[in-house]
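Open the model in your viewer and get ready to select by chain. We will go from stop to stop.

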Amino acid sequence: MTQTVVNVARDFSKYPAGRYLEDGPANGQLFRNKFLLPALKETKKLIIELDGTRGYGSSFLEEAFGGAVREGFSPDIVKNLFVLISEDESLVEEIYDYIKHGSDPE
Amino acid sequence: MCYSSGNQFIAQIPTWILIVSGWYAVHYFAKERDKCKEARERLDQLILTLRAIEEKAIQFHQSTSYKGDIARTLVFDIQRIIAKLKRHPLGSFNISPNLQKELRQSITLKNFDASQFSYQPDNSLILSKVANAVDDIEDQLEKEYERIYL
């Protein structure tokens with residue numbers, strides 16, 4: 001299985017923010033469409049380096065990762081294909097929450 | 001002569017042991033007191049920052065129109081305070097990642113984007129979640145301070 005590395009700050013934005021396309025230039029929906037869905041469709045391992053940005057809003061994270069599950073991929077597949085790298089454990093824990101409870105984040 | 005000064009030296013040993021151990025004890029307790037004071041000061045600053053984030057979050061969610069600049073600073077502020085929790089002397093505090101996650105979620109998961117923003121009344125669930133998340137971290141910080149320093 002091939003694998004790709006995406007560094008959010010370098011390859012997407014240092015200021016990832018917003019849920020939908022209309023919420024800003026670096027929103028969660030765009031991140032999902034640009035990086036997450038192609039990897040899922042090709043069953044390609046994706047290493048996601050989260051550090052280096054100026055922070056994340058939960059709505060961005062939920063739309064990107066929870067949204068990937070809502071697109072029809074099972075939480076187990078999403079969790080297995082995405083390797084999350086961050087010094088902030090709370091961030092990784094939160095993303096796993098959204099993957100697990102994609103359609104019902106709370 | 002030599003015999004007598006040797007005796008005097010032996011007789012002074014307990015006195016010197018007392019002096020040295022007394023000095024060590026005073027030095028040790030002063031150092032511990034300083035550590036405790038420094039941690040308290042850092043903790044007080046952190047709690048003030050946490051309360052400032054809470055105020056800003058309330059101001060944001062109770063705005064009559066969407067304030068993108070406040071949303072951006074809230075995201076930065078939350079990231080900064082989470083990073084501060086890992087630094088000396090608070091790095092030795094055991095603050096669960098779950099509490100940090102709840103802080104971020106309470107403020108930035110719902111009603112945080114221009115596309116879905118609405119004014120939140122005082123009794124809003126979002127505002128009460130923000131208050132709970134801030135209180136939970138503050139309680140945990142105080143418990144950890146007591147566990148480590150008192």
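Start where the chains meet. The contact takes 19 residues from chain A and 18 from chain B; two residues are in contact if their C-beta atoms, placed from the backbone, lie within 7 Å. This is a predicted model, where local features need pLDDT of at least 70, side-chain atom pairs count only at pLDDT 80 or more, and totals for chains, interfaces and linings use all residues. Residues are numbered from 1 along each chain as its sequence is written, while chains are lettered from A and ligands numbered from 1 in the order in which they are written.

The largest share, seven residues, comes from α3(B). Helices are DSSP runs of H or I, at least four residues, and strands are runs of E, at least two, numbered from the N terminus.

Next, the largest nonpolar core. It has 41 residues, and L36(A), L61(A), A64(A), F65(A), A68(A), L74(B) and I78(B) touch the most other members. Such a core is a set of buried Ala, Val, Leu, Ile, Met, Phe, Trp, Tyr and Cys residues joined through C-beta atoms within 7 Å. Buried means that 20 or more other C-beta atoms lie within 10 Å of a residue's own.

Zoom in on L36(A). Leaving aside neighbours within four places in sequence, L36(A) is in contact with F31(A), A64(A) and A68(A).

Chain B has four helices and zero strands. Its C-alpha trace spans about 95 × 25 × 20 Å along its principal axes. Buried residues make up 19% of its 150 residues.

Methods:
Buried ≥ 20, exposed ≤ 12 C-beta atoms within 10 Å, placed from the backbone.
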